[in-house]
Every structure is written in C-alpha cells, then in structure tokens.
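Dear colleague,

I am handing over the structure below, together with some notes on its pockets. Please read the notes with the model open beside them.

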Amino acid sequence: MAQERTLNREEPHYFGAGPALLPTSVLQEAAYDLITYGDENIGVGEISHRSKPAIGIIDSTKEKLSELMNIPDTHEVFFMQGGGTTGFSSIVYNLMANYTKRTGKKGKAAYAITGSWSAKAAEESKRLGFETDIVVNTKNRKYGDIPPYSEWKSIDKESTAYLYVCDNETVNGNEFQDTPGPNYLPEGVELVSDMSSNILSKEIDVSKYGLIMAGAQKNIGLAGLTIYIIKKSLLEQASDEELNSKNIPLTPIAFHYPTVVKNNSAYNTIPIFTCHMINLVLKKLQDAGGVSAMEKTNEQKAKTLYGALENYPNFYKMPVTNRSVRSRMNVVFNLPNADLEAKFVSEAAERKLTGLKGHRSVGGIRASIYNAVSLESVELLVKFVNDFAEANK
C-alpha cells in the first residue's frame, strides 16, 4: 500500500554540496505556489516569463538581494539560465567585449587557480580562444592553502581585463578571507568572483567587485538559475563589427549581458519557479536577521565542527593545512583509509546524517554546512564525529 503523501517532513540533517538543503518552510510554500500562484488559476511554473506576476517575482528577487547584500547603485543584478559552468563561458565573452570597448584592444584574463572550480574556469577561458594568464596555481599544494598576494604573479595592467577568483572552493574546502587590494590588483583590472557556494553566508563589500557570479543550487535555491551582480559600466561593449575585426569571439545572444539586462532577465524563458524559490529563501533570510546574523551562525557552525575534527589529529586529516583559509561552507577531511571513510558515511546515514561523501575527484568526507543547515544538524554531526573516532581510532 502506497504511503500517504504530505507536505510535512522530518527535518533532514543533510550535508550535500549541491543541489543542497533548502528550508522546509520554503519548500512547503513553493509547493502550494506550484499548483496555484496568487490570483492565478495556474502555478508559478506555468506562468509566462514576461507576464506581470513573473516580472513581479524577478523584481522582488532583485530588490531583496540588493537589500541583503547592500548592493550599490553602481551595480546591476540579473539572472541567467545555467549554473557556474555557463558562467565560466559567459564571463570571458562579455568582459572581453567590454575591455575592447574601453581600450580598443584585445585583452587577456588573469585567473587564480586555488581549486578545481577555478581551474575549470581558466580552462574554459583558454578553450574559447582567449589569452589566459595564471597568476597563482596551488595544485602542487593539493589546494591546501591560498598564498598571500605577495606570492602571486604580478598582473599586466596594460592588457588585462579582469582577475578571476573562486571565493569558496566546494570540492577542496578553501575560502578567501579578503580581496586583493590596490597593492596587488592594478586600477582598471576588474575583480570577478565565483561565489556560488558562499553567497549570503557572510557580509561582503560589493563595490570591490566588477562582477559576482553565483549559481543558485548550493546556498540559495534550485539548480537552473545563476545570479550575476555586475558593475554597470561593464555592460558597455564593443560592436559586433569591431569585435569581428579584431578576431574576438562574439557572445552567444542568450548569454549577452547587455541584452539580458535590457530585457529584465527575461530575454529567453527564465525558469520562474527557480527564481521564485530564491525569492522565498531571501525573504526567510531577511526575517532571520539578514546576512550579519547568518554570518555569526555560520562562524559558530564551522568553529564547532572544525574543533571536533582537530581533537583527533591522528584520525581526521584536513587537506586544507592553512587554518585561516578553511571554508566555512564546505568542511573536507579524510580518515586513515578508504574503508573507514565508507564506514563513516554508512554509519552516519544510520543516524540520518546524509550527504557526507566527498567529491568523486578527491574522495574523503565533505560536510557542506550552508545557510539552510541548522546548528542542531552540525551538533549532531559533531557527536557522531566524536563517537566514530572513539570507536575506531
């Protein structure tokens, strides 16, 4: 006999890296809205992306994000289909077109490789035919550290359009704690950051960034939509004719930032239900006290979990050797052998602690403790970390 379905659920203790946990109350509200939305007799996933209700969702989401992140008037918020991988391509196309508009020249891009995602971004820039300068690459350190900017290769200010960083590496578990200042980043070179896995987890100064990209599926919503926060001056681009004359690839129209902004993120069929989910998450975050309140909770969660792991230094090994750059969102660690790691994941699941298996490229264990993961969940995981070590060390 089939189990009766309900919109209620036992609160999960899920530590998956993405798609990741969402607040149950948000999912419940969204479930009703998927059937009927507002005064419509159809659901939010069925309305036209250019209808009045859909435009209202887009505008409301942009407004909430601007308030939560204190986004200055110098910057524009927009949404595009796809995730981070789409962002890798769209960023280099669009910012190179802007660089040519500003300078009349063909520029190059600087990339800081501090983990697997920034490595993929740099690879895509090269693959698309753009000159790509690697200013730091910590692969030989197994991405266990982010060295000071004084150790990075200097940026060629005469020809570089932007510096790309991944603020938080979900696979490798490291996170930037600051931004490169004028002592490193030359004037006129824009700072571009992938914040897919830590957006809204901490307060940042948006004015320091030329462009922020964040896929929704890790910390603020469902897969299928990416948030972009861009300096408005970067929306100015050279004409197609000028770009062609300099053998600079043209941006595919669906990912052409000026076109997307001009059409209020609805040039093509934006996934409105996904945007609505983000809007609901942002509303819940506002009600909970905003980003500053969330940052304090996230600091407490990370401190509690890292502290437990460090109590057993011969049992739990953390590949991010520099404590100061350990991620507050993705806590990665290894056990003495693969068999113990499999046992850890299995016995954790018996306690309803799930989503702990490390990324397939690195193995080990990964606990993603995004905004939606409660302190209670982290405390339950800490108890298991302690119990498992005592039973198996």
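Which helix supplies the largest share of the lining of the largest pocket? That share comes from α8, with 4 residues, where helices are DSSP runs of H or I of at least four residues, numbered from the N terminus.

Please bear in mind that this is a predicted model, in which local features need pLDDT of at least 70 and side-chain atom pairs count only at pLDDT 80 or more, while totals for chains, interfaces and linings use all residues. Residues are numbered from 1 along each chain as its sequence is written, and side-chain values use heavy atoms, with hydrogens and water left out.

Of its 25 lining residues, P23, K284, N371, A372 and V373 are the closest to its centre; a lining residue has an atom within 4 Å of a point. At least two residues of this lining come from each of α7 (272-287), α8 (290-310) and α10 (375-392), and by class the lining has 13 nonpolar, 7 polar and 5 charged residues.

The second largest pocket, with a volume of about 250 Å³, is lined by 19 residues, and G84, W117, S196, Q217 and K218 lie nearest its centre. Here helix α3 (residues 84-103) gives the most, 3 residues, and the lining comprises 5 nonpolar, 11 polar and 3 charged residues, with Ala, Val, Leu, Ile, Met, Phe, Trp, Tyr, Cys and Pro counted as nonpolar, Asp, Glu, Lys and Arg as charged, and the others, Gly among them, as polar.

With best wishes

Methods. On a 1 Å grid over the protein atoms alone, a cavity is a set of points where a 1.4 Å probe fits but cannot get out, and a pocket is an open set with protein on both sides within 12 Å along at least five of seven lines; lining residues have an atom within 4 Å of a point. Grid points are joined across faces, edges and corners, and a volume is the space filled by probe spheres set on the points.
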